[in-house]
Amino acid sequence: MSQMQQSPMILQMLDIDKRFQGVHALNKTKLELRQGEVHALVGENGAGKSTLMKVLTGIYTADSGTILYNGEPVSFSGPKEAQEAGISIVHQELNLMNHLTAAQNIFIGRESKGFFLNDNTINGETQKLFDRLKLSFSPTNKVSSLTVGKQQMVEISKALSFNSNILILDEPTAALTDAEIHELFKTIQELREKGVTIVYISHRMDEIMEITDRITVMRDGQYIVTLNTSGTNLDEIINAMVGRTIYEEPKTASNVAPGTPVVLEVKGLRSREVKDVSFQLHRGEILGLAGLMGAGRTETARLIFGADPRDGGEIYKDGEKLNIHNPSDAVAAGIGYLSEDRKRYGLAFDLSVADNSVLAVLEKFTHSGFVNEGEIQETTDKYVRRINIKTPSIFQKVSKLSGGNQQKVIVAKWLIKDCDILIFDEPTRGIDVGTKSEIYKLMNELAAEGKSIIMISSELPEILRMSDRVVCMCEGRLTKILDIQDASQEIIMKYATQRN
Amino acid sequence: MVNSEKKGPDIQKLLAPAALVILYIFFCVFGQNFFSGSTLVSILDSTYYVGLMAFGITFVIVTGGIDLSIGTNMMMSALLGGYMLANGANIWLCLVCMVAIATVIGFINGTLISRLKLPPFIATLGVMMMTQGFGSIITRVQTQRFPSSFDENGAYKTIFYKTANGFPSGIVYMLVFFVVALVLLKKTRIGRYTYAIGSNEEAVRISGVNTIKWKTLVYVICGFFCGLASIVYAATYTTIIPGTGNGLEMNAIAAVIIGGTSMSGGVGTMSGTLIGALLMSVLKTGLMSMGLQGHYQTFFTGLVVILAVLLDIYRNKRAARV
């Protein structure tokens, strides 16, 4: 990438400062982009990456600082103006209209100016974009009928349809399958060759090492350093991000002694997505569920938790057969589920930490029809301290907590409910590196106390670091159960792609 | 995962018309004198104003909103029109003013909701009460009368209600504006944004669309259709009583729901609404032909609303599982 060094600066954000009601979100931050580079923007959650991008695209206005675009000072009043100037952003959370078609989504706000709509034109334009990205679905597909990965590609197509000079991708791969990520990376390469500058925001370090030219690290709203990707390594980046070194070492041996009793056993679990899955979970064990998107891991967990109806199979706890038909049956049996989608399934966002913690066991704190607030606060306090939830008070709304601490509130909820089997579905998705290690620590402590954990994860280093045994799944089938000392990324991938 | 084309929509499209036809046949068999031209006309009589209001509020409901003020808005516009007439204004001017007044009320709703960020339920609840009260204040709670066919100014009834030889011209009036509503919703930008806002308003906003403007326009359209409804209401019933009108919005909302429009937004069709409105009128007239009074009609309409939505939920579940 030596010629990259000589490319002119296309964008300079200098001394950008932004405060929100006392919070110093951006503190004299800078970002400099060269024409045609893929530039990673990394930092822990709350480091200010998204805020900085929102300042750039005019969603927020900076309190002070300058933005130079092709050497000229600019200030956009909103995303539309930024787009028209050639700066597009694909947001982390999908911003699509489910009931509209792909083409209608891409051209929303840019329909023909006449009185009547002309969908043929936008379908044709969309097809051209899809051809360029080698997408196989039709512009007239309703977005609600597309997989999350394809929806993401609709967003990217939309950004490209503005003929952008600068394309900002905020966590673009969080919901994509490996094949889709591969296609996306090819697209990014092609765009770079055409001179498009790409800002790539991601928590996935392997991706950053693979496709970026330079990396800017932010921490606490401040600019830390810009590195050449080819001249740095993971330790240096993470060091810069968190200000300390974190080691991700795989487990070498199981923490579960031989002969430890089986707590949970599933036999021949079946549904539309799950095909005859059987395994055992021991006391104090962390069982990793590895596989690609669509392998049926979440679906298996949801069957155990009673969230979806099962077509067949049995679930035993401590040797006794369980009759689980809905989540409350599972909770009564001591099984707690931590969804990957905390927003949708895990928490009542507008309620406080205390209210969420006792939500599943309100009857415990209710005497002759009255809720005893004192007892609730006492119990919540105890668990907030025990699992180290960082919150200003137990009365804080959970929507105001960071992703990692929200995760902990759900853990507290299940612990208060006396659950001894916990299913963690993608526990660290969208969580920054520092909090990640705290979640790991918490899971290890829980296991050491004798709680049993099923952990679904798409990140193999996480599987290797946490699991005592690894269940590999592919297309709804269980393909292999590995002891941790026999597992490696390569072996797990082999079984995760082992089709019939 | 395969994004298989659902087979659902085709059956779904046929279901409501089929229900309408079956219900009509049912009453033809079991009702007295139901199968006749005059019954058909009386079915249509009560469809006009409910239908027109329902076309308007379909836009609102597809955005995920609600307008509770349509019934009283329609009635207030008619009252004010009648009041102008009583004070010597030209009948045609009165009719135009009725549409204008209702449209302004729609604009007020839209402004409260999209610009001032009031929840639609609260904004339109307030406007519902205010319009009901305002109509009574201006008319000093006096009943307003529109000319009947024999009066010198009765010509307007030929256009909006019935011709001298008994042809129900109101149906033409309603269908013309049905087509207008259909085209607006399916073929123009306001229609596209109506669905888009109902699907994901924030996404539309981030795409650079002025959602405040378009959402206001949705309520303006709804008000405009209330105005159209007030004309046909005046032409049909001629007597406008102050303090009435609330409750009528529920008939229009019921028609929209029976027609398959989702209260959570993003889904709905204008033809569904038309069928919903017709179905309610058939039910009303049919039950009367069986000797059952108005309260039976209310009861069964409620039942149909619940059945229609239950059916929809059940069908969506099936479609999701296949």
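Mentor: Start with E426(A). E426(A) has 21 C-beta neighbours inside 10 Å, so it counts as buried. Keep in mind that this is a predicted model.

Trainee: Where does E426(A) sit in chain A?
Mentor: In the loop between β19 (421–425) and α16 (433–448).

Trainee: And what is phi of E426(A) near?
Mentor: Near 50 degrees. That is a positive value, and E426(A) is not glycine. Most residues other than glycine have a negative phi.

Trainee: What about phi of D220(A)?
Mentor: Phi of D220(A) is also positive, near 50 degrees, and this residue is not glycine either. D220(A) lies in the loop between β9 (214–219) and β10 (222–228) of chain A.

Trainee: Why does D220(A) count as partly exposed?
Mentor: Because D220(A) has 15 other C-beta atoms within 10 Å. Buried would take 20 or more, and exposed 12 or fewer.

Trainee: Switching to packing. Which residues touch the most other members of the largest nonpolar core?
Mentor: M53(B), M74(B) and V232(B), out of 157 residues in that core. Helix α9 (residues 211–237) of chain B gives the largest share of this core, 17 residues.

Trainee: What is M53(B) in contact with, leaving aside neighbours within four places in sequence?
Mentor: I70(B), M74(B), F225(B), C226(B), A229(B) and A252(B).

Trainee: How many residues are in the second, separate core?
Mentor: That core has 74 residues, including L446(A), I454(A), I492(A) and Y495(A).

Terms used
Residues numbered from 1 in each chain as written. Chains lettered and ligands numbered in written order. Predicted model: local features only at pLDDT ≥ 70, side-chain atom pairs only at ≥ 80, totals over all residues. Core = buried A, V, L, I, M, F, W, Y, C linked by C-beta atoms within 7 Å. Helix = DSSP H or I, 4+ residues; strand = E, 2+ residues; numbered from the N terminus. Contact = placed C-beta atoms within 7 Å.
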